[in-house]
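Subject: Structure handover

Hello,

I am passing on the structure below, followed by notes on what turned up in it. Please have it open while you read.

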Amino acid sequence: MLHVENLKVRYGAITAVHDVSLEVKEGELVALIGVNGAGKTTTLSAIAGVVKTVSGSIYFEGQSIVGKSPEAILKLGVAVVPEQRDIFPSLTVEENLHMGAFSRHNHREYLADLKETFILFPILEERFQQLGGTLSGGEQQQLAIARSIMAHPKLLVLDEPSLGLAPKIVDQIFSLIVTLRTRGSTILLVEQNVNRTLDIADRVYLINNGRVEIQGTPDQLRSQGAIKDIYLGK
Ligand SMILES: Nc1ncnc2c1ncn2[C@@H]1O[C@H](COP(=O)(O)OP(=O)(O)O)[C@@H](O)[C@H]1O
Ligand SMILES: [Mg+2]
């Protein structure tokens, strides 16, 4: 579904991504892990079309998306929930969700989607008329994910969805990701929460200094001891 080959991205003189190749197949939950500054967000930003690539290719469903606008990439079915959860704080939960459904013109479909959303995110039904900015961090993260799902993406990309959340809320977010995957979503997940990510991912890429250092199944990564080396700074 998604093929990234030899991706290179630079911010001015800084090369943030040197050489990243990765693949996400339909129905998979693929994780990108790596320490702070490894180049995970930059990789996602290139996929989303919000940063320019220096070289390399990105194909989504066989079509090159390098150079396409973020709107065009979203329309093709790639939805990215960024690290900073960009919900609209001065709009209600209802209005935020409605923005996510912008591409769905049929009101009946919209209502059906809302019903589904409330099953996955019961708290959003309770908070339906509240302003986005008044929600807790965990609720805002749920709203950001729910809003993306309203657009029925083919590929859901999540950048550190558990960042800064209390442990109990982190549990909820991880079980939500598992639920989404079980329901058939294809997911590319960036996480720093390595152990929990290895518990749920189908395949994992470990990025270090802008390069894919190791890739494999969670079991393969665990057995190599590679994770420890990188995270203990060896
Ligand atoms: N907008 C930017 N301008 C300049 N350098 C950046 C910018 N964003 C990220 N970087 C740098 O690029 C590298 C990779 O960052 P990033 O992709 O955010 O890593 P990660 O998401 O893995 O923490 C880091 O060295 C970071 O400082
Ligand atoms: Mg990041």
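Asparagine 209 sits in the loop between strand S9 (203–208) and strand S10 (211–216); helices (H or I, at least four residues) and strands (E, at least two) are DSSP runs, numbered from the N terminus. Before going further: this is a predicted model, in which local features need pLDDT of at least 70 and side-chain atom pairs count only at pLDDT 80 or more, while totals for chains, interfaces and linings use all residues. Residues are numbered from 1 along each chain as its sequence is written, and chains are lettered from A and ligands numbered from 1 in the order in which they are written.

Backbone

Although asparagine 209 is not a glycine, its phi is positive, at about 50 degrees. This residue counts as partly exposed because it has 14 C-beta neighbours inside 10 Å. The cut-offs are these: a residue is buried if 20 or more other C-beta atoms lie within 10 Å of its own, exposed if 12 or fewer, and partly exposed in between, with C-beta atoms placed from the backbone.

Asparagine 6, which is part of strand S1 (residues 2–11), also has a positive phi, near 50 degrees. Asparagine 6 counts as partly exposed because it has 13 C-beta neighbours inside 10 Å.

Ligand 1

Which residues surround ligand 1? They are Tyr11, Ile14, Ala16, Gly34, Asn36, Gly37, Ala38, Gly39, Lys40, Thr41 and Thr42, each with its C-beta atom, placed from the backbone, within 6 Å of the ligand. Four of the shell residues are nonpolar, six polar and one charged. Here Ala, Val, Leu, Ile, Met, Phe, Trp, Tyr, Cys and Pro count as nonpolar, Asp, Glu, Lys and Arg as charged, and the others, Gly among them, as polar.

Strand S2 (14–24) and helix H1 (40–48) each supply at least two residues of this shell, and H1 has the largest share, three residues. H1 is mostly covered, with eight of its nine residues buried; Lys40 and Thr42 are among them. Just after H1, glycine 49 has a positive phi of about 85 degrees.

Beyond its neighbours within four places in sequence, leucine 188 is in contact (C-beta atoms, placed from the backbone, within 7 Å) with Leu2, Val24, Val30, Leu155 and Val157.

Regards

Methods: Two residues are in contact if their C-beta atoms, placed from the backbone, lie within 7 Å.
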